[in-house]
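Subject: Structure handover

Hi,

Here is the structure I promised to pass on. Please have it open while you read, and my notes follow below.

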Amino acid sequence: MRVKFVDLRAQFVTIQDEIGLRVQELLASTQYILGPSVAQFEQSFAAFVGADHAIGVASGLDALRLSLQALDVGPGGEVITAANTFIATSLAIEGVGARPVLVDCHPQTYNLDPARLEAAITSRTRAIIPVHLYGQPADMDPILALARAHGIPVVEDACQAHGATYKGRSCGVLGDLGCFSFYPGKNLGAVGDGGMITTNRADLTEKLLMLRNYGQKTKYQHELKGTNSRLDALQAAVLEVKLKYLPAWNRLRQQHAARYSELLKDLGLVTPVAVSGCSHIYHLYVIRVQSRDSLLHHLTSLGIEAGIHYPRAIHMHPAHADLGYSPGSFPVSERYSEEILSLPMFPELTPAEIEYVVSGVRGFLKE
Ligand SMILES: *Cc1c(COP(=O)(O)O)cnc(C)c1O
């Protein structure tokens, strides 16, 4: 047996005909840039997360970068984020000329630890970017309270959290701006790159609509130094088809996670903690285990694809050597980068595949 980490084909075949029709329609319409396809999906996605506005952009990285730009974050400013995020978060901060300031993660939830946030705030802090890592909402109430007390805007990195909820509200509407990625492997994935910004703020919406489209309000009237970062019309058409299945897909992920956790209990490894009052939508199912690298190797030899998200904390990347941090700066994130392992997770995973993965893990731990 072989188990893929994410099986995009298993999903594609279930909606192949519907996608084919919609793509044909889009191609025949010849409205390839913005137009009704993007506008329709923006409306649908805004409704899905419960935001007043949604702005389609080219990627999750651009969603973050343009959000910071819309908030006038730039050189001289600092932006606080989690030390254990994907590098897009910190690169977006550097992309606008600001400096990433890192905060270690909470030892149980893997999300930015609110208890360590205040110490990172300075007079130069221009934004805070909590990351809803692995599909579990960050603990937003204390983060928002601190941000409000200091007058700092909050940009959510919801690139792994399409449909996750915190105390009944969706990730992406909790802060000032929410950023999503439609990279194919995400819970809602395009057939290429794509991204979205959600917000209830009309002022930022107006700015973002310009920023993503060369800074123009009307054609050839350039109000801002914008860029070309439009959500592709073809991707929007595909995403519109897929969005209606997302709640069911997320429920399947939750069922698979529950099954994994049930089968893996009492084996001496750490399974994910789902915080009460939140819905974790398991973009990734991440366990923690000693001798992680040997387990990964063992699973690979059994035809089971597993992953590490991520093998290095942000400050340990050579790309971020100039931030001035060193080994030991963020001990929880650093230690976990050597213990975490992501098991196969996608909606179409079968019970037999889950049992095969678990038997592989069990076999290794018994040795
Ligand atoms: C995927 C991801 C991004 C970036 O998304 P792209 O669409 O690949 O640019 C940003 N942050 C996190 C946490 C992600 O998982």
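The ligand sits in the largest pocket. A pocket here is an open set of points on a 1 Å grid over the protein atoms alone, where a 1.4 Å probe fits, with protein on both sides within 12 Å along at least five of seven lines; lining residues have an atom within 4 Å of a point.

Before going further, please note that this is a predicted model, in which local features need pLDDT of at least 70 and side-chain atom pairs count only at pLDDT 80 or more, while totals for chains, interfaces and linings use all residues. Residues are numbered from 1 along each chain as its sequence is written, and side-chain values use heavy atoms, with hydrogens and water left out.

**Around the ligand**

There are 14 residues around the ligand, and Gly 60, Asp 157, Gln 160, Ser 181 and Lys 186 come nearest; a residue counts as near if one of its heavy atoms lies within 4 Å. Three of these make polar contacts, that is, pairs of N or O atoms within 3.5 Å. Ser 181 has a side-chain N or O atom 2.6 Å from a ligand oxygen. For Gln 160, a side-chain N or O atom is 2.8 Å from an oxygen of the ligand, while Gly 60 uses a backbone N or O atom, also at 2.8 Å from a ligand oxygen.

On its own the ligand has 380 Å² of accessible area, and the protein covers 91% of that (Shrake-Rupley method, 1.4 Å probe). Helix 3 (60–70) and helix 4 (87–95) are the elements that give two or more residues to the shell; helices are DSSP runs (H or I) of at least four residues, numbered from the N terminus. By class, the shell has six nonpolar, six polar and two charged residues, with Gly counted as polar.

**The pockets**

The largest pocket holds about 520 Å³ of space, a volume being the space filled by probe spheres set on the grid points. Its lining has 29 residues, with Phe 86, Ser 181, Tyr 183, Lys 186 and Tyr 310 nearest the centre. Helix 4 gives the largest share of this lining, four residues.

The second largest pocket has about 160 Å³ of space. Among its 13 lining residues, Thr 109, Pro 137, Ala 138, Asp 139 and Val 275 lie nearest its centre.

Best wishes

Notes:
Polar contact = N/O pair within 3.5 Å; in protein donor to acceptor, adjacent residues only side chain to side chain. Sits in = over half its atoms within 2 Å of the grid points.
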